[in-house]
There are 4 protein chains.
Amino acid sequence: MGIVTGAEYLKRMACLKSNVWMDGKRIERPLTDVEPFQSVFKAKGKLYDMVHDERYASTLQGKDQKINFSYDIPRTKEDLVKRRKATQLWANETLGVLGRSPDYVNTMIAIMAGAKKFFAEADPQFGENIDAIYKRAKEVDLTFTHTFVNPSISRKPFYPDGQGKDQPIATKIIEETEEGIIVDGARLLATQGGMTDELLVIPSAAFIDSDYLFGCTIPSDTKGLTFINRPPYKKESTFDSPLSSQFEEGDAIVVFDHVLVPWNRVFLYRNEWLMNDLFMKTGMESFLLYQAVNRQIVKTEWLLGIAQALVTMLDIERHQHIQGKLGEMIIALEAMVGFVYSSEAQAEVNDFGIMVPKLETLKACASYYQTTYPRLIEIIQLLGASHFIAAPSEKDFASSIAPYLERFIKGEYVSAYDKFQLIQLARDMTMTEFGTRQLLYERYFYGDPVRVLSSLNGLYSKKKEELQMRISDFFEREK
Amino acid sequence: MGIVTGAEYLKRMACLKSNVWMDGKRIERPLTDVEPFQSVFKAKGKLYDMVHDERYASTLQGKDQKINFSYDIPRTKEDLVKRRKATQLWANETLGVLGRSPDYVNTMIAIMAGAKKFFAEADPQFGENIDAIYKRAKEVDLTFTHTFVNPSISRKPFYPDGQGKDQPIATKIIEETEEGIIVDGARLLATQGGMTDELLVIPSAAFIDSDYLFGCTIPSDTKGLTFINRPPYKKESTFDSPLSSQFEEGDAIVVFDHVLVPWNRVFLYRNEWLMNDLFMKTGMESFLLYQAVNRQIVKTEWLLGIAQALVTMLDIERHQHIQGKLGEMIIALEAMVGFVYSSEAQAEVNDFGIMVPKLETLKACASYYQTTYPRLIEIIQLLGASHFIAAPSEKDFASSIAPYLERFIKGEYVSAYDKFQLIQLARDMTMTEFGTRQLLYERYFYGDPVRVLSSLNGLYSKKKEELQMRISDFFEREK
Amino acid sequence: MGIVTGAEYLKRMACLKSNVWMDGKRIERPLTDVEPFQSVFKAKGKLYDMVHDERYASTLQGKDQKINFSYDIPRTKEDLVKRRKATQLWANETLGVLGRSPDYVNTMIAIMAGAKKFFAEADPQFGENIDAIYKRAKEVDLTFTHTFVNPSISRKPFYPDGQGKDQPIATKIIEETEEGIIVDGARLLATQGGMTDELLVIPSAAFIDSDYLFGCTIPSDTKGLTFINRPPYKKESTFDSPLSSQFEEGDAIVVFDHVLVPWNRVFLYRNEWLMNDLFMKTGMESFLLYQAVNRQIVKTEWLLGIAQALVTMLDIERHQHIQGKLGEMIIALEAMVGFVYSSEAQAEVNDFGIMVPKLETLKACASYYQTTYPRLIEIIQLLGASHFIAAPSEKDFASSIAPYLERFIKGEYVSAYDKFQLIQLARDMTMTEFGTRQLLYERYFYGDPVRVLSSLNGLYSKKKEELQMRISDFFEREK
Amino acid sequence: MGIVTGAEYLKRMACLKSNVWMDGKRIERPLTDVEPFQSVFKAKGKLYDMVHDERYASTLQGKDQKINFSYDIPRTKEDLVKRRKATQLWANETLGVLGRSPDYVNTMIAIMAGAKKFFAEADPQFGENIDAIYKRAKEVDLTFTHTFVNPSISRKPFYPDGQGKDQPIATKIIEETEEGIIVDGARLLATQGGMTDELLVIPSAAFIDSDYLFGCTIPSDTKGLTFINRPPYKKESTFDSPLSSQFEEGDAIVVFDHVLVPWNRVFLYRNEWLMNDLFMKTGMESFLLYQAVNRQIVKTEWLLGIAQALVTMLDIERHQHIQGKLGEMIIALEAMVGFVYSSEAQAEVNDFGIMVPKLETLKACASYYQTTYPRLIEIIQLLGASHFIAAPSEKDFASSIAPYLERFIKGEYVSAYDKFQLIQLARDMTMTEFGTRQLLYERYFYGDPVRVLSSLNGLYSKKKEELQMRISDFFEREK
């Protein structure tokens with residue numbers, strides 16, 4: 001098979017038996033029948049249908065195989081361009097707000113498999129395991145989520161076990177058996193936790209000892225796994241909440257209660273150097289960022305579109321400061337696009353024959369967006385202003401009060417209904433709990449902004465040395 | 001009587017027959033029985049009880065009369081200090097988030113009455129009317145809300161009637177009768193619309209012709225008045241939503257459908273010059289701002305307290321950039337406090353014997369806060385970071401999943417429950433719809449920030465001339 | 001010939017008879033003998049020598065002809081890449097601070113000649129003239145400066161003549177003769193005014209009537225031309241002022257006192273539509289910006305190099321806020337590089353067969369740099385801090401006081417002399433009059449930042465329409 | 001006597017034999033005859049004359065004595081108000097750009113003497129010494145400069161002696177004799193070094209051991225003292241450089257080459273706790289800041305005046321973004337004024353009977369100005385724009401080219417000469433080396449901005465605890 005349809009995907013998801021809790025209750029019915037999960041499954045189903053749509057197939061299917069584009073391993077710059085277009089195409093379908101479209105983790109699986117020799121160097125079995133995981137994934141078009149943040153107590157990277165060996169906090173290896181390893185503890189912030197075929201576990205960058213060091217994939221309904229989902233924001237009306245009602249992904253704490261991970265699922269085990277080199281040497285970090293910034297470009301386009309639609313509807317473009325705000329958004333969009341072109345133009349083939357877009361550039365891009373996105377949101381808030389405060393609901397428009405609305409708060413050229421349809425979209429992007437989660441999501445994408453900036457600086461040390469050399473040469477030539 | 005208790009106030013409110021619509025339905029029961037109104041009535045009731053509390057009475061009661069402090073007319077600088085303390089005391093009870101505590105509009109009524117000669121100059125009856133309104137208000141301890149924004153179509157100040165004389169958009173005078181004037185149309189953004197004894201109508205600064213020019217107060221349940229309230233944010237749990245569950249004030253469009261305003265309720269009628277001088281000459285603008293910035297000071301204190309509590313709980317104060325963020329908040333608080341001391345130190349008695357705090361300073365303060373408040377909110381978002389994303393609910397803590405929470409996401413020195421109690425408070429201030437409305441509220445308090453800055457510049461022209469003179473003198477002395 | 005050597009160039013310049021005034025005196029000797037002109041001639045001479053240097057010849061010489069690279073007309077993306085490298089190579093030689101290296105205006109001449117059909121459409125003679133100008137220029141390797149800003153009185157674009165027809169302010173056509181046109185008035189801000197072979201006159205974008213509308217080139221020593229140079233910043237010591245002492249270009253007001261422009265020098269004459277389309281239709285605007293932003297990239301590299309050198313010398317990189325400041329500079333550099341790659345990747349061939357890099361992207365880049373450059377300068381000021389205040393001079397180090405300096409203000413690993421050599425370079429970039437002129441230069445490059453942002457917004461209208469369409473489609477699909 | 005006239009002051013200064021070096025040469029003639037010193041002596045002389053001027057005497061003379069106001073020890077809030085007015089009056093005379101008007105260090109002397117018991121606690125002799133220093137100073141109206149920064153190698157606070165005991169870097173005690181102590185080493189950044197009667201030496205906050213711990217005053221021409229002044233910026237023309245030509249204070253490294261400090265000059269000696277409490281317990285820190293922020297207020301007034309003068313002359317106030325920029329400056333001015341009123345309103349009498357303005361508020365103010373001043377400067381740069389680039393000089397206006405200037409670059413209502421008189425003033429404030437030194441001076445006033453913010457946060461810990469308590473109370477009441 002290789003590529004699923006939306007219907008096939010939804011059918012498979014309906015059979016998932018993940019143990020998911022929300023608001024103090026365990027979800028007993030299939031997640032595909034329960035909100036807010038139902039809507040996001042549906043949104044993802046549409047993405048899978050697009051792969052079969054002849055308008056998009058050449059972009060969304062693999063280069064030479066009938067697989068999802070994200071399972072392709074890029075070998076040339078043309079492959080990068082194709083991947084960029086595919087990522088943007090999918091992102092566009094969800095207005096760039098779906099942080100974890102399937103290609104996000106698929107890409108990680110694909111790149112790790114492309115670099116299987118890297119894992120094999122530590123243990124030939126690891127190489128085979130990651131390869132097998134990849135092959136199964138692309139053949140069945142599996143979906144994944146992942147988790148790599150340890151519970152953070154006092155914002156220290158993670159917490160030495162406070163309650164004795166029996167009660168680890170961060171997930172750790174507590175036993176080895178013939179069948180596999182037993183792990184116990186928790187991980188944070190699995191977006192779409194419990195809603196995917198499998199869960200990818202990558203060791204956190206910060207670990208204390210090798211007990212915390214393992215990488216694997218396991219089915220979401222593995223025995224002992226519990227997902228504690230945050231309370232839902234989900235709103236029902238697509239008029240009042242056009243985004244919240246469709247794209248709320250959920251975020252979960254994952255509890256591993258004596259979970260058995262079979263040996264053939266493990267691709268990294270107690271190897272510090274493997275862990276240290278994992279992100280940069282395989283190219284995985286570049287591709288993670290490449291997916292993310294391409295999604296962010298599309299999101300920025302939607303933000304600019306929303307801003308322009310507001311400006312047009314409110315007829316305020318004649319004000320110079322409004323032009324300036326739109327100009328700022330344009331610069332942000334053009335800068336993001338530029339980072340991506342730059343990363344492609346400077347891409348290089350790595351040790352495993354993978355064409356890797358330039359990491360420094362993508363990291364600079366991610367860091368740029370962490371501080372730029374909040375400003376884009378602020379601009380939309382400034383454009384919509386008080387309209388966001390007293391926006392009527394779908395029910396208001398359906399009630400006997402509606403004529404008052406059409407009389408008093410219509411637009412100059414549009415009905416009150418059409419006016420507030422747009423206002424609600426802008427509001428859901430910037431003012432609702434859905435919108436503020438998006439704000440945090442982008443501001444913290446790839447880590448705390450202060451640390452991302454520091455690490456960008458570290459990554460740039462070689463280039464900076466060259467630049468310093470020019471100065472010595474300059475002083476030399478002056479003599 | 002003069003000062004009501006909370007119980008008396010609530011009883012009176014239960015009798016209000018205002019015509020309030022929300023989410024497509026008319027509220028049929030007393031507003032005091034329906035959320036989100038019920039909670040905010042309760043919150044205001046507590047304020048009234050404080051006036052009787054011996055710990056606060058000397059501050060919250062009038063100087064020489066048993067009336068609410070806000071009905072006192074300040075004559076000396078000491079009166080200002082007393083008023084400042086009273087406003088801050090009430091604001092503190094509601095964490096500074098209740099934009100329309102009763103003193104806000106009470107103050108407007110009091111100051112206008114203090115300047116009754118101003119109105120009398122236009123028509124002796126106006127002077128008597130405003131005085132009578134004031135006297136009744138302070139005797140019965142009435143509450144008011146007010147409205148002075150016209151419907152904004154295309155962000156033009158307001159809209160020439162598109163559908164013929166019969167269908168005005170902005171509220172206008174359509175007839176004069178013996179009993180009074182008939183007005184028709186709508187006004188925007190009455191916070192707590194329908195929830196107060198009376199509604200104060202002040203003409204909008206921008207008006208086209210004298211048909212739109214009238215000032216009055218009328219009971220909230222006057223025939224023909226309809227309040228269209230925005231959909232509620234109200235959350236039930238005080239743990240999950242400590243602010244939204246108590247202090248959601250509502251915002252409403254007010255429709256005047258052939259409303260009759262009796263002549264004795266009118267204090268301004270078709271007088272352009274009266275309108276032009278109203279805000280500055282009476283001192284009303286200074287006092288509006290004085291109330292607001294004192295509330296904002298208290299709010300800033302709460303924000304700083306929340307920030308420090310987060311920093312302490314997460315044990316991150318050792319980081320220099322965290323200290324810097326707290327330092328920024330301290331500067332904001334100290335600056336706000338400074339503006340107020342400055343406005344008091346430079347206060348002057350106006351033509352009506354009212355001691356008026358300096359307007360330029362208070363306007364500079366309001367403008368400063370419009371751009372500073374968003375940064376304070378951003379800082380709290382940066383401090384709480386990912387904790388805001390996956391915060392468990394009260395129901396989670398009450399369920400069988402609770403032990404996992406206590407094990408995996410407790411704080412270093414506090415239980416998970418206590419930790420997330422604070423996180424939820426910070427979250428409700430900065431991340432929920434309640435919090436983003438607060439953001440817009442402060443950012444637009446006293447108008448569009450771009451225009452407020454322009455008008456501050458205009459207000460300052462005399463001082464700037466003096467400063468320019470110094471430069472001429474400097475060039476002169478150099479010769 | 002085609003490409004001159006530095007010596008040939010200097011020899012030619014020594015023969016220029018331009019009428020240049022400075023500090024109240026006319027420069028009587030050859031400019032090449034007088035500071036600050038002498039130094040900048042020398043600096044430009046070095047650039048010409050590089051063209052003959054075998055290490056750089058393949059980059060700095062034309063693709064198939066022995067001409068300066070800037071006279072090549074780009075036809076392919078490869079041509080753009082070659083041009084980018086050449087511009088950066090020259091810019092690097094002058095640390096990016098020489099705003100008007102010869103390629104700047106040469107490029108304008110070349111692109112206009114490449115689009116000679118554009119001019120010919122208005123008048124066949126114009127096409128021939130611009131072509132002849134170009135051919136002579138590339139054959140003799142001429143240098144140009146240009147002027148296109150009218151005198152600004154009250155910041156109105158330019159000034160209606162206050163003193164009668166006889167005393168125009170902005171340069172205008174006052175007579176037509178058989179030999180040519182007589183123009184009279186002034187233009188502003190000709191950098192390197194009087195120091196180049198010829199002066200290119202382009203009409204200002206803002207003109208009142210066709211009397212102000214003409215384009216031509218004329219020799220700098222044309223009769224009636226006077227250049228009023230601003231007072232010099234020039235410092236002598238290359239230790240104290242490594243940049244001011246070498247790269248001070250001068251800025252001049254150009255007075256046209258009844259200057260005769262021969263007909264064969266004119267390529268635009270009273271044609272409004274020609275003027276309106278000139279910058280965008282020929283591609284000239286893109287190429288102007290392309291030259292400038294490539295120079296700015298190099299300058300940013302130098303700024304980052306200087307910042308890193310300071311950080312290293314002062315041993316402060318361990319501070320997180322220092323890493324953050326370097327990180328900010330890296331993002332700026334990467335963003336600039338990205339804009340250029342993006343403009344190349346999206347380049348298109350225009351009506352005249354010229355491969356034009358994408359204008360929107362380059363304009364976004366220019367606008368971005370207007371607000372980013374000041375921050376880069378601020379960062380260097382923050383890094384150098386008090387070292388910039390009491391930096392000793394070359395004479396101090398040569399005096400008997402030197403041992404005190406070496407004892408008390410040396411660096412941890414470097415001598416006081418070496419330490420302050422670097423400090424002085426950083427200081428000259430950011431704290432001297434040379435440095436603050438650079439600040440203004442970059443901040444106003446391509447115009448007032450507020451207007452550039454507005455015009456970027458205008459340029460983007462088509463793309464924004466597309467983005468708005470997506471929103472309509474989204475609402476459509478929801479139905 | 002008590003108060004000197006300008007002439008007396010200058011006469012005394014002419015007799016100073018300080019050992020001052022500049023640009024590699026020792027100044028052999030009296031400093032009062034040599035630029036740039038001469039001008040600043042003259043400027044200070046004018047300040048002294050003002051004290052005798054009957055218009056200012058009641059402000060500038062002591063409350064009950066014929067001494068300089070700065071030698072008064074404030075006991076009441078009225079004393080603070082008088083001091084504020086006096087400081088602002090003097091600051092106004094020098095446009096706020098003279099960082100070290102005599103009152104700056106005089107105040108330190110006065111406050112220390114007011115707290116003589118503090119010193120006496122460590123050693124009765126210290127109390128008597130500081131008192132004697134003070135009495136002599138106020139009787140003779142002495143001037144001082146001070147130094148308290150150690151040489152900074154690698155930005156570590158100061159440097160362990162690298163070259164053996166014989167060659168200390170930071171000034172330290174190397175011997176005790178009967179007459180006094182012998183100190184050796186250097187100190188940094190004495191503004192007006194060598195130009196005052198005496199030099200106040202305060203230990204640096206950061207010291208390694210007690211050898212570096214001493215406080216004293218000594219005559220500027222004490223044997224062994226050398227002042228190495230930075231190269232001068234001094235420009236001659238008061239038209240071209242209205243500030244640089246009058247108010248360039250100089251900055252010097254002070255070398256103590258085996259300097260003998262007599263015992264009766266010492267008021268602090270190897271007492272760590274005395275040092276630790278010195279700034280806060282005596283009130284000295286508050287008064288230092290109080291003087292500085294009052295000067296900064298006056299400077300801000302001048303900046304606003306200059307901005308408004310530019311805006312008026314260029315006729316650009318109709319632009320909303322220009323109004324906004326002026327509005328920003330007004331907010332800054334009002335905020336500064338507010339901080340001062342606040343510090344006065346909350347002033348308290350300390351252990352020594354001195355009325356001390358509130359430290360937290362003044363420190364918040366200082367920190368606020370560190371980041372606000374650069375923006376004020378930027379605004380003026382944005383207002384003046386290209387006018388700053390090609391401003392003609394006094395010599396240009398005196399030459400035969402002048403008519404061209406009057407024709408082409410005059411203002412709409414003013415002559416070119418008057419126009420550029422203002423432009424040059426604005427330019428000298430913001431674009432010259434004088435202006436950029438002012439920028440650094442304000443940005444680093446009271447220390448590195450990052451550290452000042454941290455220390456403000458530390459100072460605020462008690463208040464923050466109170467605010468945190470409110471949150472606990474809030475949670476308590478919810479239960």
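This is a predicted model: local features need pLDDT of at least 70, side-chain atom pairs count only at pLDDT 80 or more; totals for chains, interfaces and linings use all residues.

**Stop one: a helix of chain D**

Start where two chains meet.

Which residues of α17(D) are buried? Helix α17 covers residues 449-459, and its buried residues are D:Pro449, D:Val452, D:Leu453, D:Ser454, D:Leu456 and D:Asn457. An α-helix has 3.6 residues a turn, so residues three or four places apart point the same way.

**Stop two: a helix pair in chain D**

Stay in chain D. Select helix α10 (residues 284-314) together with α12(D). Their axes come within 10 Å and cross at roughly 20°. Angles under 35 degrees count as roughly parallel, so α10(D) is roughly parallel to α12(D). The crossing of α10(D) and α12(D) is left-handed. Colour the contact by residue class: 18 nonpolar, four polar and two charged residues make up the contact of α10(D) with α12(D).

**Stop three: chain C against chain A**

Now select chains A and C. How many residues does each chain bring to the contact? Chain C gives 43 residues and chain A gives 43 residues. On the chain C side, α10 (284-314), α11 (320-345), α12 (359-384), α17 (449-459) and α18 (461-478) each supply at least two residues. Highlight α11(C): with 15 residues, α11(C) gives the most to the side of chain C that touches chain A. By class, that side of chain C holds 21 nonpolar, 16 polar and six charged residues.

**Stop four: α4 of chain B**

Hide the other chains and select residues 77-93 of chain B, which form helix α4. This helix has 17 residues. From first C-alpha to last, α4(B) reaches 25 Å, close to the 24 Å expected at 1.5 Å a residue.

Which of its residues are buried? In α4(B), the buried residues are B:Leu80, B:Arg83, B:Arg84, B:Ala86, B:Thr87, B:Trp90, B:Ala91 and B:Glu93. Bring back the surroundings to see the cover. Covering elements in chain B include α2 (37-52), α3 (57-60), α5 (103-114), α10 (284-314), α11 (320-345) and β12 (355-356). Then step just past the end of α4(B): B:Leu95 takes a positive phi of about 55°.

**Stop five: α5 against α7 in chain B**

Keep chain B. Select α5(B) and helix α7 (residues 124-140). The two helices pack at an angle of about 135°, with their axes 9 Å apart. That angle makes α5(B) oblique to α7(B). Check the handedness: α5(B) passes α7(B) in a left-handed crossing.

For the contact, pick B:Ile109, B:Ala110, B:Met112 and B:Ala113 on α5(B). On α7(B), pick B:Ile130, B:Asp131, B:Ile133, B:Tyr134 and B:Ala137. The contact of α5(B) with α7(B) has eight nonpolar, no polar and one charged residues.

Go to B:Pro36, in the loop between β2 (25-26) and α2 of chain B. The peptide bond from B:Glu35 to B:Pro36 is cis, with omega near 0°. Now jump to chain C. The bond from C:Glu35 to C:Pro36 is cis, with omega near 0°. C:Pro36 sits in the loop between β2 (25-26) and α2 (37-52) of chain C.

Next, two positive phi values. Select A:Asp141, in the loop between α7 (124-140) and β3 (144-147) of chain A. Phi of A:Asp141 is near 60°. Is A:Asp141 buried or exposed? A:Asp141 counts as buried because it has 24 C-beta neighbours inside 10 Å.

Then select C:His258, in strand β9 (residues 251-262) of chain C. Phi of C:His258 is near 50°, a positive value in a residue other than glycine. C:His258 is exposed, with 12 other C-beta atoms within 10 Å.

**Last stop: a distance in chain A**

Finish on A:Asp53, in the loop between α2 (37-52) and α3 (57-60) of chain A. A:Asp53 counts as exposed, with 10 C-beta neighbours inside 10 Å. Draw a line from A:Asp53 to A:Ser204, C-alpha to C-alpha: the two are 38 Å apart in space and 151 residues apart in sequence.

Conventions
Residues are numbered from 1 along each chain as its sequence is written. Chains are lettered from A and ligands numbered from 1 in the order in which they are written. Two residues are in contact if their C-beta atoms, placed from the backbone, lie within 7 Å. Helices (H or I, at least four residues) and strands (E, at least two) are DSSP runs, numbered from the N terminus. Ala, Val, Leu, Ile, Met, Phe, Trp, Tyr, Cys and Pro count as nonpolar, Asp, Glu, Lys and Arg as charged, and the others, Gly among them, as polar. The expected span of a helix is 1.5 Å times one less than its number of residues. A residue is buried if 20 or more other C-beta atoms lie within 10 Å of its own, exposed if 12 or fewer, and partly exposed in between; C-beta atoms are placed from the backbone. Axes are lines fitted to C-alpha atoms, for helices over the stretch in contact, and angles run from 0 to 180 degrees between N-to-C directions. Angles under 35 degrees count as roughly parallel, over 145 as roughly antiparallel, 65 to 115 as roughly perpendicular and the rest as oblique. A crossing is left-handed if the near helix is turned anticlockwise from the far one by less than a right angle, and right-handed if clockwise.
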